[in-house]
Amino acid sequence: MADTPVLLYVATYDSEADAHADYEAVKALHAAGEIGTYDAAVVTKDAEGKVAVHKHEKPTQHGVWTGVAVGAVLGILFPPSLIGTAIVGGAAGGLIGHLWKGMSRKDMKEIGEMLDDGNAALVVVGKSRLEEVLGKAVTRAAKISEREIDSDNKVLEDVVENAARGAEFEDLHD
Amino acid sequence: MADEPVFLYLATYESLADAQFDYEAVKALHKDHVIGTYDAAVITKDEHGHVHVSKHEKPTQHAAWTGLAVGAVIGVIFPPSILVGAAAGGLAGGLIGHFWKGMSRKDVMELGELLDDGEAALLIVGESALQSYIDKALTKARKRATREVDMESKVLSKELAEAARDAK
């Protein structure tokens, strides 16, 4: 097991509006320094079952909330043909394999079934246990689950920062 | 449920040689028209944990035994970065989606756990209930599992025929 495992927090919702409202509440906790997170994003499905990650934030120096880590988690739970282009970026490719090795197939099944059932979801990839603190912010969810990913925090941090740097470079050249 | 569903038969082995031995036995059944199969291939893992699908046959008019259908099933069970060769081929992309829709997450978990444990595996994708014939033919297998995929056999035939045309 990793010394400081990565935590995956998933909440599912009956409506996309509820997921976005809770996302804003989680963002406020993050801004106040109450939770350590690598990434958080709202996930939705369209009529054809295609999965999309909504990126709300612009990448920062610290690679926070770029959608890359959440995208990598979805890359484990859904086949490539159901995942939007934002997720299948080069940065997410290696990260998918890394996180995949740290999750049990039972966790993949259970989190996948949760996402299949809900209309929208809020997915948070965190540095430490989130459930207790997020209980204050996540008030509209139909179902909530937290799982431990046996992944090295340092590796995830590097990948997310690299992804952010890549995105900044793209922004400069737009 | 599909009217004529596709069947999966998975067997795991303690050695690659055992898997290849049973592969030849299944091939003989297929050749003698005892069983109708779309695909059969041996699956192995390397020291990096990458999954390989061995393609033994050249693509034919009917795209039988090209490794594509097995590759698509493996593409449902493992993420792309773990796959090498036939399993990672672009042709299998649409096919992966078909298999994914026809399999429950429980089946994916159970077949995945079986593959994780074995050193090598033989995966057979067939058009009818294969179990009784294959059970007799596979003499070296350590563990076995069969699953029905909620996908019409006709759809798979069509997809594989298109893939074979593209490959030519």
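The text below takes the sheet of chain A and then the interface with chain B.

The model is predicted: local features need pLDDT of at least 70, side-chain atom pairs count only at pLDDT 80 or more, and totals for chains, interfaces and linings use all residues. Residues are numbered from 1 along each chain as its sequence is written, while chains are lettered from A and ligands numbered from 1 in the order in which they are written.

Chain A holds an open sheet of 5 strands in the order β3-β2-β4-β1-β5, with antiparallel pairing. Strands (E, at least two residues) and helices (H or I, at least four) are DSSP runs numbered from the N terminus, and two strands pair if DSSP finds at least two bridges between them. Because β3 (51-54) and β5 (143-149) of chain A are at the edges with a single partner strand each, one side of each has no neighbour in the sheet. From one strand to the next the twist averages 25 degrees; axes are lines fitted to C-alpha atoms, for helices over the stretch in contact, and angles run from 0 to 180 degrees between N-to-C directions.

Antiparallel strands β2 (residues 37-45) and β4 (residues 120-126) of chain A are joined by 7 bridges. Val123(A) in β4(A) is the bridge partner of Ala41(A).

Between chains, 17 residues of chain A are in contact with 16 residues of chain B, contact meaning C-beta atoms, placed from the backbone, within 7 Å. α4(A) gives the largest share of the chain A side, 6 residues. The table sorts that side by class.

| Class | Members | Residues in the chain A side |
|---|---|---|
| Nonpolar | Ala, Val, Leu, Ile, Met, Phe, Trp, Tyr, Cys, Pro | 7 residues |
| Polar | the others, Gly among them | 6 residues |

Conventions
Contact = placed C-beta atoms within 7 Å.
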